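Reader: Got a model here I'd like to walk through. Can you take my questions as they come?

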2 protein chains.
Amino acid sequence: MATKLNSRDTKTIKRLQELADGVVELAGKKRDPFVDVPTRSLSNVKYNKARRFIEMGKNTNRRQLFNLSQAKTYMQTMLVASGVTQLLEQGKTTSIRGLYYLLKHTIEGTKEETFADQGECDPVIEDCEVLLNSLREELHLYAQKRGEMVGEIVLNDSGDEIDCSRMGSGGYGIPSIVEPSVIDFKRCNAKFILHVEKDTVWQRFNEDKFWRKHKCILTHGSGQPPRGVRRMLHRLHDELKLPIYCLLDNDPWGYYIYSVIKQGSINLAYESQRMAIPDAKFIGLRSKDFEECKLSDSVKISLSDTDRKRAKQIASYPWFAQKKDWQKEIKRLLDNGFKLEVEALISKDISYVTEHYTPERLKAKDWLD
Amino acid sequence: MATKLNSRDTKTIKRLQELADGVVELAGKKRDPFVDVPTRSLSNVKYNKARRFIEMGKNTNRRQLFNLSQAKTYMQTMLVASGVTQLLEQGKTTSIRGLYYLLKHTIEGTKEETFADQGECDPVIEDCEVLLNSLREELHLYAQKRGEMVGEIVLNDSGDEIDCSRMGSGGYGIPSIVEPSVIDFKRCNAKFILHVEKDTVWQRFNEDKFWRKHKCILTHGSGQPPRGVRRMLHRLHDELKLPIYCLLDNDPWGYYIYSVIKQGSINLAYESQRMAIPDAKFIGLRSKDFEECKLSDSVKISLSDTDRKRAKQIASYPWFAQKKDWQKEIKRLLDNGFKLEVEALISKDISYVTEHYTPERLKAKDWLD
């Protein structure tokens, strides 16, 4: 939804102006224009034990106009900043692909393109995010839109009241941008959020109206949840104090999805503060479930070499490394030699996952943290 | 949504019973049980010029129990039929992955699995669809859920009233199963449907409230639309007599998406009758648009060898082969040597596509058929 110049947009524009003023000031003093961009590399990322998420360190890289190897990136940085200023001033949003097309042109009098391809534009967008300390969404840029929501909450989306308990079998498509300028929470009867990995599992829970019986909100992100879904979960958790339980496959990919929801992503550590949910719980599937749920051999899927490698990597993440339960979980996966999908529970009964597995685990508080 | 035993379910169960009765009858007469499965191969698919979609021929393959090479597939066919009967009787739905898990087990007294993997189960599901002359959705099986909808229509989804003109920036997630047992159209003020390829383009049109200004329904399918979206478009077109305009990229993939929406898919020809929309129009992007919209060289993307090969294949499809306009369109793409994304129009202006391109093409009836 086109957002008017609300207080947050005004703040973002102010930051953009300060950036521009800095350039003008240096030029006026006949000094080399530069910007100091916080370093977005693994070396400048660390796990903050107190805050329990991944965050960026304080290193920056200076980017100068009068430096042959930096001049182009400097120009691109200013170009992206001017593009998002245009979006903010017009009250419009676009995709990162859209911004790329908006800014791509041949520099006058040369054959040089501002950006060779999208791959050259994306890191500069991320630079601008850290430089301006603004989420991409605050720069009016949106990521791919995936994931849906139903349950015991009423919200306002761009002036429309959305009652998530009256969304039929289809559900409410979670927007890419869910900042307070777009989404307001109105009334909430939910006691928790159940986030599932796949749309197919979500359909099972929605069909069985699990969210009505258990007073919750039900979301999915079609695999690794996109930014809109993560930010929505973060806001629901942070503002409405709703606990979050994740129902994911028993494989390294499921662990990794949980890790990103909980601790943030390593690549985009600067956004953790407003995306990561350190209190999110992993209710399953777990390596013990093959035995505990008395599943048949038929549902086993052998671990591949990549699975084994990924599982070991994940076990060594600082936020898993010191957790005995997680070490046990991952060790057992490796010992089992097989992985399990949530859908494997269907072999017990079509609604086993909604009528037994999930309610029993929630009741017993049987989850991993 | 769990569907009660409505008239359509009753009809499907009746067909399943007839299938089962046939087996019992033959066994009672001490004759070999068999089923005649309509052949789902390219050789049995043809383009029906009068009906203007791809349809199956009349060839069938006999599948016998007492035939070493067919016994396993015969068993699997009966197993799938019994699985979907279970779904129908319980009023539940599941994914094809779910059905696979429901049916996968070790055959008693052997080490033989009913299905080795999903790849062995999927074709048998398709066999059952043609055998029973029922869409997958009528067998209570759902495909992946993707795609969203907003616009001038109110519908009922499983008892909930969904006003698609009050869905904010998020939109209504199009269900996998949109059969009349789940979805009823209530009120419609729309004069047409605009179907766009990507969620990002959809967001631009929704943000600009194009559907309100032009009284339409706006849908996307995140690339190649899944079955739910195609069936929804078909029902909207067929029952509400709404014309459909497709806004897709100017590349072979965009052409192919249009081809599937319009004529049906070659692999699943048996469903064309209830999925294909022969009257769907292609409003763009078109190969002439680079010149006509005065785009800059920056937005060109060179055709790859695969693109060229695919473009030629598509040009030879029977439903394109005899259309001069389409031959010209594809020839010009090849002559251009580049493709164009819808987002390329952003280089003109953020809202060029919603304020100029689309309204002007619609007004001039400038589209391909």
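Reader: Which residue stands opposite A:K46 in β3(A)?
Author: A:E55 stands opposite A:K46. This is a predicted model, where local features need pLDDT of at least 70, side-chain atom pairs count only at pLDDT 80 or more, and totals for chains, interfaces and linings use all residues. Residues are numbered from 1 along each chain as its sequence is written, chains are lettered from A and ligands numbered from 1 in the order in which they are written, and side-chain values use heavy atoms, with hydrogens and water left out.

Reader: What pLDDT does chain A average?
Author: Chain A averages 93, and 99% of the residues score at least 70. pLDDT is the predictor's confidence in each residue, from 0 to 100. The model has an ipTM of 0.89 and a pTM of 0.91.

Reader: Back to β3(A). In which sense do strand β2 and strand β3 of chain A pair?
Author: Antiparallel, over four bridges, with β2 at residues 45-48 and β3 at residues 53-56 of chain A. Strands (E, at least two residues) and helices (H or I, at least four) are DSSP runs, numbered from the N terminus. Two strands pair if DSSP finds at least two bridges between them.

Reader: And which residue in that hairpin takes a positive phi?
Author: A:R52, near 60°. The hairpin of β2(A) and β3(A) has four residues between the strands.

Reader: What about chain B, what is the bridge partner of B:K46 in β3(B)?
Author: B:E55. β2(B) and β3(B) form a hairpin with four residues between them, and B:R52 in the turn has a positive phi of about 60°.

Reader: Helices now. At what angle do α2 and α3 of chain A pack?
Author: About 110°, with the axes 10 Å apart; α2 covers residues 71-90 and α3 residues 96-103 of chain A. That makes α2(A) roughly perpendicular to α3(A), a label for angles of 65 to 115 degrees. Axes are lines fitted to C-alpha atoms, for helices over the stretch in contact, and angles run from 0 to 180 degrees between N-to-C directions.

Reader: Which residues make the contact?
Author: A:L79, A:V80, A:G83, A:V84, A:Q86 and A:L87 come from α2(A), and A:L99, A:L102 and A:L103 from α3(A). Contact means heavy atoms within 4.5 Å. By class, the residues of the contact of α2(A) with α3(A) are seven nonpolar, two polar and no charged. Ala, Val, Leu, Ile, Met, Phe, Trp, Tyr, Cys and Pro count as nonpolar, Asp, Glu, Lys and Arg as charged, and the others, Gly among them, as polar.

Reader: Chain B, α3 and α4. Which residues meet there?
Author: B:I96, B:R97, B:L99 and B:Y100 in α3(B) meet B:Q118, B:C121, B:D122 and B:I125 in α4(B). The contact of α3(B) with α4(B) has five nonpolar, one polar and two charged residues.

Reader: Switching to the three-strand sheet in chain A. What order do its strands have?
Author: β9-β8-β11, antiparallel, in an open sheet. β9 (160-163) and β11 (183-188) of chain A stand at the edges with a single partner strand each, so one side of each has no neighbour in the sheet. Neighbouring strands are turned by 25° against each other on average, direction ignored.

Reader: How many bridges join β8(A) to β9(A)?
Author: Four; the strands run antiparallel, and β8 is residues 153-157 of chain A. A:D157 stands opposite A:D160 in β9(A).

Reader: Which helix lies across β8 and β11 of chain A?
Author: Helix α7 (residues 227-240) of chain A, running at about 50° to β11(A).

How values were computed: Angles under 35 degrees count as roughly parallel, over 145 as roughly antiparallel, 65 to 115 as roughly perpendicular and the rest as oblique.
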